[in-house]
Amino acid sequence: MNISRKEFFRKSLTSLGEAICTVSDALKAPVAPPQDVRETENFTATPSEDLVAAAHNDRCLAKNSGCFSCMERCEFGAIKLIPGVGVRINQQLCTGCGACEHVCPVTPKAIRMQARTIHTPSADHAEQLTKKGISTC
Ligand code: SF4
Ligand code: SF4
């Protein structure tokens, strides 16, 4: 089949335009937000040596003895209730399993998994974290 040069360019431009629209539509399609596996129903506690629980006592209900969920769930006895403060994590006992974060009923979670660091925070840093309601031990 013979087509003129003009017709060839017209068809090429039409195809290119359609391709650009397809890519543009694909880019506009909503992207599912990354899901935190510890918040899914299918959660299974799995110890991880790279993770450790950290308390955010500014939003913890245990401050007023209103919640014990994480303590009851922790099989390793790594969480203690401190009346008037919230919870405290014993990093030596914490296996990084994530069960406490999973059961925490508040939003955002008052106990979160974070990367386990090898160093021990300095006294100043520990004090700053404590003032922010983040447990360092
Ligand atoms: S991640 Fe939470 S539940 Fe698991 S061992 Fe550590 S403190 Fe306990
Ligand atoms: S489950 Fe959450 S709100 Fe309840 S005591 Fe633990 S950290 Fe606090």
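Mentor: A residue is near a molecule if one of its heavy atoms lies within 4 Å of it. Note too that this is a predicted model.

Trainee: How many residues surround ligand 1?

Mentor: The closest are Cys 74, Cys 94, Cys 97, Gly 98 and Cys 100. By class, the shell around ligand 1 has 10 nonpolar, three polar and no charged residues. The number surrounding ligand 1 is 13.

Trainee: How many polar residues does the shell around ligand 2 have?

Mentor: The residues around ligand 2 include Cys 60, Cys 67, Cys 70 and Cys 104. Leu 61, Val 87 and Ile 111 are also among them. The shell has 10 nonpolar residues and no charged ones. Its polar count is one.

Trainee: Which element gives the most to the largest nonpolar core?

Mentor: That core has 19 residues, and Ala 53, Cys 70 and Ile 79 are among those with the most contacts inside it. Elements giving two or more residues are β1 (51-55), α2 (69-73), β3 (86-89) and β4 (111-115). The top contributor, with three residues, is β1.

Trainee: Which residues does Cys 100 touch, leaving out those up to four places away in sequence?

Mentor: Cys 100 is one of the core residues with the most contacts. Beyond its sequence neighbours, Cys 100 touches Ala 53, Cys 70, Ile 79, Ile 111 and Met 113.

Trainee: In the salt bridge of Arg 112 and Glu 101, which side chain counts as buried?

Mentor: The structure holds one salt bridge, at 2.6 Å, N to O. It links Arg 112 in strand β4 to Glu 101 in helix α3, 11 residues apart. Arg 112 has a relative accessible area of 26%, so Arg 112 is partly exposed. Buried means under 20%.

How values were computed:
Residues are numbered from 1 along each chain as its sequence is written. Chains are lettered from A and ligands numbered from 1 in the order in which they are written. This is a predicted model: local features need pLDDT of at least 70, side-chain atom pairs count only at pLDDT 80 or more; totals for chains, interfaces and linings use all residues. Side-chain values use heavy atoms; hydrogens and water are left out. Ala, Val, Leu, Ile, Met, Phe, Trp, Tyr, Cys and Pro count as nonpolar, Asp, Glu, Lys and Arg as charged, and the others, Gly among them, as polar. A nonpolar core is a set of buried Ala, Val, Leu, Ile, Met, Phe, Trp, Tyr and Cys residues joined through side-chain atoms within 4.5 Å. Buried means under 20% relative accessible area, exposed over 50%, partly exposed in between (1.4 Å probe, protein chains only). Helices (H or I, at least four residues) and strands (E, at least two) are DSSP runs, numbered from the N terminus. Contact means heavy atoms within 4.5 Å. A salt bridge is a side-chain nitrogen of Lys or Arg within 4 Å of a carboxyl oxygen of Asp or Glu.
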